Amino acid sequence: MPFVRIDWFPGRTLEQKREMVATLTPEIARIADCKPETIQFIFTDVTREDWGRNGRLFCDYYEYENDPQ
């Protein structure tokens, strides 16, 4: 049973999440040789204050306008 966890910054729409699940499910099933109904997803919105890279929090590292989603 593949379990896919996607951590990302807030702001994605319900439609984007639906598209992500619909697009990834058949490919994961093909590669993992499993049934699509066994694949589970969880999306976690993580704030910039709770995510860091290269020794700094994202809220400090990038200006919000220039931060890649």
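**Notes on the predicted model**

1. Let's start with a tryptophan: Trp8 lies in strand β1. Strands here are DSSP runs of E with at least two residues, helices are runs of H or I with at least four, and both are numbered from the N terminus. Trp8 is buried, its relative accessible area being 9%; buried means under 20%, exposed over 50% and partly exposed in between, using a 1.4 Å probe and protein chains only.

2. A word on the ground rules. This is a predicted model, where local features need pLDDT of at least 70, side-chain atom pairs count only at pLDDT 80 or more, and totals for chains, interfaces and linings use all residues. Residues are numbered from 1 along each chain as its sequence is written, and side-chain values use heavy atoms, with hydrogens and water left out.

3. What order do the elements of the chain run in from the N terminus on? They go β-α-β-β-β-α, with 2 helices and 4 strands in the chain. The chain has 69 residues, and 22% of them count as buried. Contacts (heavy atoms within 4.5 Å) also say something about the fold: taking those with a separation of 6 or more, 58% are between residues 24 or more positions apart.

4. Not counting residues up to four places away in sequence, Trp8 touches Lys17, Met20, Phe43, Thr44, Asp45, Val46 and Trp51. Trp51 sits 43 residues from Trp8 along the chain, and their C-alpha atoms are separated by 9.3 Å.

5. Now the aromatic rings. Rings of Phe, Tyr and Trp (its six-membered ring) pair if their centres lie within 6.5 Å; planes under 30 degrees apart count as stacked, over 60 as edge-to-face and the rest as tilted. By this rule there are 5 aromatic pairs. Take Phe9 and Trp51: their ring centres are 5.1 Å apart and the planes stand at 55 degrees, so the pair is tilted. Phe9 lies in the loop between β1 (3-8) and α1 (14-32), while Trp51 lies in the loop between β2 (40-45) and β3 (52-53), so this pair ties together parts that are 42 residues apart in sequence.

6. Are the two partners buried or partly exposed? Phe9 counts as buried at 4% relative accessibility, whereas Trp51, at 28%, counts as partly exposed. Phe9 has a charged neighbour too: Arg48 lies over the face of its ring, 4.4 Å from the ring centre. For that label, NZ of Lys or CZ of Arg has to be within 6 Å of the ring centre and within 35 degrees of the ring normal.

7. Another pair to look at involves Phe41 and Phe43. Why does the pair of Phe41 and Phe43 count as stacked? The ring centres of Phe41 and Phe43 are 6.4 Å apart and their planes are at 15 degrees, so the pair is stacked. Phe41 is buried at a relative accessible area of 19%, and Phe43 is partly exposed at 22%. Together with Trp8, Phe41 and Phe43 form one aromatic cluster.

8. Val21, in helix α1, faces this region as well, in the sense that it is in contact with Phe41 and Phe43, leaving aside neighbours within four places in sequence. Val21 counts as partly exposed, at 28% relative accessibility. The C-alpha atoms of Val21 and Ile39, 18 residues apart along the chain, are separated by 9.4 Å.

9. Helix α1 has 19 residues and reaches 26 Å from its first C-alpha to its last, close to the 27 Å expected at 1.5 Å a residue (the expected span is 1.5 Å times one less than the number of residues). There is a bend of about 30 degrees at Leu24, and a proline, Pro26, follows within four residues. The bend is the angle between axes fitted to the seven residues ending at a residue and the seven starting there.

10. Asp33 is found in the loop between α1 and β2 and counts as exposed at 73% relative accessibility. Asn54 also has a positive phi, near 60 degrees, and is a residue other than glycine. Asn54 is in the loop between β3 and β4 (56-57) and is exposed, with a relative accessible area of 61%.

11. Last, the cysteines. The structure holds 0 disulfides, a disulfide being a pair of cysteine sulfur atoms within 2.5 Å. Cys34 counts as partly exposed at 22% relative accessibility, and Cys59 counts as partly exposed at 31%.
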